[in-house]
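Here is a short report for a reader new to this structure. Please look at the model first, then read on.

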2 protein chains.
Amino acid sequence: MPGDSLIWLDGVRVSSLPLPDRGLEFGDGLFETLLIRGAQPLFLHLHLARLLKGCTALGFPDCNDAVRVQLQGACGEIETRGWAWSAVRVTLTRGAGPRGYAPPQRPTPRIIISATALAHSSQDMAAPAAVMLSSVRWPSQPMLAGLKHLNRLEQVLAAREYRDAGHDEAVMQDQQGRPVSVVAGNLFLVCDGRILTAPLVDCGIAGTRRSLIMEYWAPALGLAVDEVDLSMARLETAQEVFYSNSLLGLRAVSALGPHRWSSHPVCEALYQQYRGALT
Amino acid sequence: MPGDSLIWLDGVRVSSLPLPDRGLEFGDGLFETLLIRGAQPLFLHLHLARLLKGCTALGFPDCNDAVRVQLQGACGEIETRGWAWSAVRVTLTRGAGPRGYAPPQRPTPRIIISATALAHSSQDMAAPAAVMLSSVRWPSQPMLAGLKHLNRLEQVLAAREYRDAGHDEAVMQDQQGRPVSVVAGNLFLVCDGRILTAPLVDCGIAGTRRSLIMEYWAPALGLAVDEVDLSMARLETAQEVFYSNSLLGLRAVSALGPHRWSSHPVCEALYQQYRGALT
């Protein structure tokens, strides 16, 4: 049933995490959210590539072989349950350690996999989103920009804000007020036949679907994607606004404050590319 | 024995945390590290005041009554064990929740208390610290500055760096290169008879011992503490450099790169104030 969940720790079905764990104590870890079709993780290589980048940045050993094996085990169980589409979160923590910030010299990372059955089919684009401008800005931190680590308080607070305000999503700016992303996805503007997206050198997460759009799906439509600093003026006057994430693929934006977008031809064409890549 | 540990979840002795937990998933929570003498948490009101500020900022309910009760239970057990000095970490998470960044409308926070016996007596000042300048800078995030939340990756990476380099601590700068703190403590400079410390409006943690120094211990010596933006030049030419934290109290800095400080009269006098407040 949609919403049903399963959790594994280091390949074993569990319902709890041994303490202490540095993932809990300091957010000392990484994660990935994968879309699973049947028993098949989609675009796995891109998730593993980002995870490996994160491991290097945080000084974790390369855990990708273990992640691959444990993910296969999880997907086997998902198949048994008959879930057509599911979301799998892979969390990697630095594991146990003594008191204090300094991590163990030779950490033993833990892999936590949690799988949730999805209701939607991921075959049809979600209805355009009404988004707000978040009052919560990304922290400025070039050293960790692009990575999907466990320090995600800003997105939690921004998600709480848009949910409480009755919106579908929110645009998050950097400390300088430049639009960077939505809470759970990368942001794209269509401006005079070009697609623009934030460069993510100072903050933000480099999404797997973002790189697919940049490298494959936009070029397949004869469109280039430019990484440039965005501005609110550019966002508000864009011909089209949309965002990408791993579970939705792409989603058009219909409104931001007083601004409205009623047609989304580029986003729809990219969604067809995405749908083709799912099969 | 020093290093021995005990863990409680919501007042019950445990060795694991139920999953899912948003503290692990997103660093969606707060913590405090308290020094315990016998069964007595020291300067508890300051820790609870900061925790409450954090709860307000993150949209948690006020958990201080429950923390107080559970801490009392933990300290009773600590007394039974005969630990003279111990460190207690109180971690507050937003608890369980459905998949995704948006927190539940009515979260049920979890309180995790972990106690570790300390070897040192906390009666004598630690030997002056040889510190390095960290390559890891604080993220810029005015909205969360001062709070002790669970997003602490920068300090983990900075602690790893100074530990691997054989130093005792490291000075961390903000994104503009201004010295803010050490990894686990607030930084103070003595310059021409004044004590200077960073204002923590953009990053950093507002330590409990920092506020005691500012409000009580420095004034008791006839010294004022000014919150001002620090610079590396000011640090390097200071007559004295020291830092504060909840387990050490205060500790003098003897070296930073080529710079040396051999006498620490202000830090030593403040330590006497601190020692007086412990009893």
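Pro128(B) counts as buried because it has 20 C-beta neighbours inside 10 Å. The term buried means 20 or more other C-beta atoms within 10 Å of a residue's own; exposed means 12 or fewer, partly exposed lies in between, and C-beta atoms are placed from the backbone. This is a predicted model: local features need pLDDT of at least 70, side-chain atom pairs count only at pLDDT 80 or more, and totals for chains, interfaces and linings use all residues. Residues are numbered from 1 along each chain as its sequence is written, while chains are lettered from A and ligands numbered from 1 in the order in which they are written.

Pro128(B) sits in the loop between β7 (110–117) and β8 (129–133) of chain B. Helices (H or I, at least four residues) and strands (E, at least two) are DSSP runs, numbered from the N terminus. Leaving out residues up to four places away in sequence, Pro128(B) touches Ala252(B), Val253(B), Ser254(B) and His264(B). Contact means C-beta atoms, placed from the backbone, within 7 Å. Ser263(B) is 135 residues from Pro128(B) along the chain, yet their C-alpha atoms are 9.6 Å apart.

Next comes the sheet. In chain B, 6 strands form an open sheet in the order β2-β1-β7-β6-β4-β5, with antiparallel pairing. Strands pair if DSSP finds at least two bridges between them. The edges are β2 (12–13) and β5 of chain B, each pairing on one side only. β1(B) and β7(B) run antiparallel and are joined by 5 bridges. Ile7(B) has Ser114(B) in β7(B) as its bridge partner.

Two helices pack on this sheet. Angles run from 0 to 180 degrees between N-to-C directions; axes are lines fitted to C-alpha atoms, for helices over the stretch in contact.

| Helix | Strands touched (chain B) | Angle |
|---|---|---|
| α2(B) | β4, β5 and β6 | about 175 degrees with β4(B) |
| α3(B) | β1, β4, β5, β6 and β7 | about 30 degrees with β7(B) |

Which residues of α3(B) are buried? They are Val67(B), Gln70(B), Leu71(B), Ala74(B), Cys75(B) and Ile78(B). Seen down the axis of α3(B), its buried residues fall within an arc of 145 degrees, so they line one face of the helix. The arc is that of directions from the helix axis to the C-beta atoms. Exposed residues on the other side of α3(B) include Asp65(B), Arg68(B) and Thr80(B). Just after α3(B), Gly82(B) takes a positive phi of about 75 degrees.
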